[in-house]
Amino acid sequence: MPTEWPAAPMPMSFSTMTAIEACPLRWALSKARYAGTWSASGYPDRVYLGTLVGQGVHGVLERVVALIAQMGGAVGDPSVTVQALRRLGGISALLEKQLERIAERASLNPRVAASGRNVREELQQRRPAMRMDVQLLLSRLRGNTGRTGHKDSEPYAVGTQSATTTRSVASGANVEVPLRGRGDHWKGVADLIVVDEGGVEILDYKTGARKPAHALQVQLYSRLFEEDEGANPRRYAVRALRLIYRDGEVAVPVPSGEERTALAAELDRRAMGAQEQVTSAPPSARPSAESCVFCNVKQLCSAYWTSAVIGEVAAFGAGALVDVELRVHERRAEALWSATVLQAADRVPGAKVFVRCGQEHSHLSNQLAHASRVRILGASWLEPGDDAEPAMLGLTRVSEVFIVE
């Protein structure tokens with residue numbers, strides 16, 4: 001458990017607010033300090049390949065758009081995009097550098113080191129799909145500008161400055177703009193803010209699935225931009241908001257008048273509520289299938305380890321993978337252990353099982369050798385078992401074993 005709980009966040013980002021609302025304990029456990037685990041703040045992340053892929057695509061996109069802004073070209077103009085890509089060595093070279101940085105960072109994660117996973121190899125296998133995602137997202141930046149007197153297909157005019165080098169936005173494209181609300185209650189980072197004679201458009205890239213909360217997030221950015229005297233000293237008005245996805249784009253209405261007042265009040269109410277929810281130590285847990293399925297710290301959360309929640313997570317979308325809590329008994333073979341179920345999906349407490357570790361996963365077998373009670377994430381049932389023969393639980397490269405003290 002943590003050696004130090006985190007303080008309530010101030011200022012707050014939209015992602016932090018929604019994370020706390022989903023489960024205050026999950027957020028607190030993820031942000032706390034664990035002196036016996038590593039020196040960094042927060043619990044080491046569980047590495048999901050999809051998350052790393054999204055980081056890689058987003059990072060490459062940022063580099064390309066930032067260079068176009070510095071060149072004074074036009075975001076979405078194919079010829080300018082080609083020039084920028086040539087200067088940067090091409091999408092493949094950009095991806096290679098980005099993936100190397102991600103893999104290097106992952107190698108410092110104790111959970112990756114313990115798993116024996118080759119994150120570099122896993123990412124390389126996804127490079128062709130990532131390249132396509134970058135191309136699609138770059139193409140989405142062209143068109144539907146919504147500017148008076150301009151054709152819809154005309155790309156944005158881009159100035160020579162970007163928010164990576166200056167706090168105040170300049171005419172043209174501004175990349176990765178940090179924003180702060182009045183009174184320092186809110187903060188955020190807008191992926192792209194375009195300034196022209198017609199006003200301001202704020203765009204946010206999303207590499208994952210579409211979610212209703214994304215629209216509220218970009219509407220919050222519009223509020224922060226209009227309040228932020230550092231980023232917006234000329235008091236530009238926001239005229240358009242857009243979400244850029246791999247499979248298309250979504251125009252988000254810009255709140256005005258009573259809508260803006262109501263939105264500000266609603267967001268502030270939610271932010272204050274989120275701060276209050278993490279003032280106790282530990283905060284309350286809110287186990288649910290949606291919150292727990294990809295939870296980074298569920299092995300630490302006693303509320304999760306109930307048969308009902310574990311069963312819901314298994315059915316929610318974890319595929320063939322299950323989480324189980326076991327009492328380990330004895331080694332039956334080099335990579336085979338006998339155990340009793342304490343909690344698991346589709347298994348009653350007290351059921352006898354065998355646990356099999358592949359030869360390439362000897363680190364997991366070593367952990368079982370030094371434990372009497374364990375929580376295992378990402379296992380799979382190899383054989384269903386019956387009254388005469390225990391079920392067989394298999395551990396793979398994505399499985400994790402945690403000793404319960």
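## Cavities: the rule

A cavity is a set of points, on a 1 Å grid over the protein atoms alone, where a 1.4 Å probe fits but cannot get out; its lining residues have an atom within 4 Å of a point. Grid points are joined across faces, edges and corners, and a volume is the space filled by probe spheres set on the points.

This is a predicted model: local features need pLDDT of at least 70, side-chain atom pairs count only at pLDDT 80 or more, and totals for chains, interfaces and linings use all residues. Residues are numbered from 1 along each chain as its sequence is written, and side-chain values use heavy atoms, without hydrogens and water. Two cavities of 30 Å³ or more are counted.

## Largest cavity

The largest cavity holds about 90 Å³ of space. Its lining has 13 residues. Nearest the centre lie C23, R26, C292, C295 and C301. Helices are DSSP runs (H or I, at least four residues), numbered from the N terminus. Among these, α2 (24-31) and α11 (289-292) each give at least two residues to the lining.

By class, nine lining residues are nonpolar, one is polar and three are charged. Here Ala, Val, Leu, Ile, Met, Phe, Trp, Tyr, Cys and Pro count as nonpolar, Asp, Glu, Lys and Arg as charged, and the others, Gly among them, as polar.

## Second largest cavity

The second largest cavity has a volume of about 40 Å³. Q219, S222, R223, E226, V254, P255, R260 and L263 line it. Two or more of its lining residues come from each of α9 (212-227) and α10 (258-277). The most come from α9, which gives four.

The lining of this second largest cavity splits into three nonpolar, two polar and three charged residues.

How values were computed:
1 Å grid on protein atoms, 1.4 Å probe; cavity = no way out; pocket = protein on both sides within 12 Å on 5 of 7 lines; lining within 4 Å.
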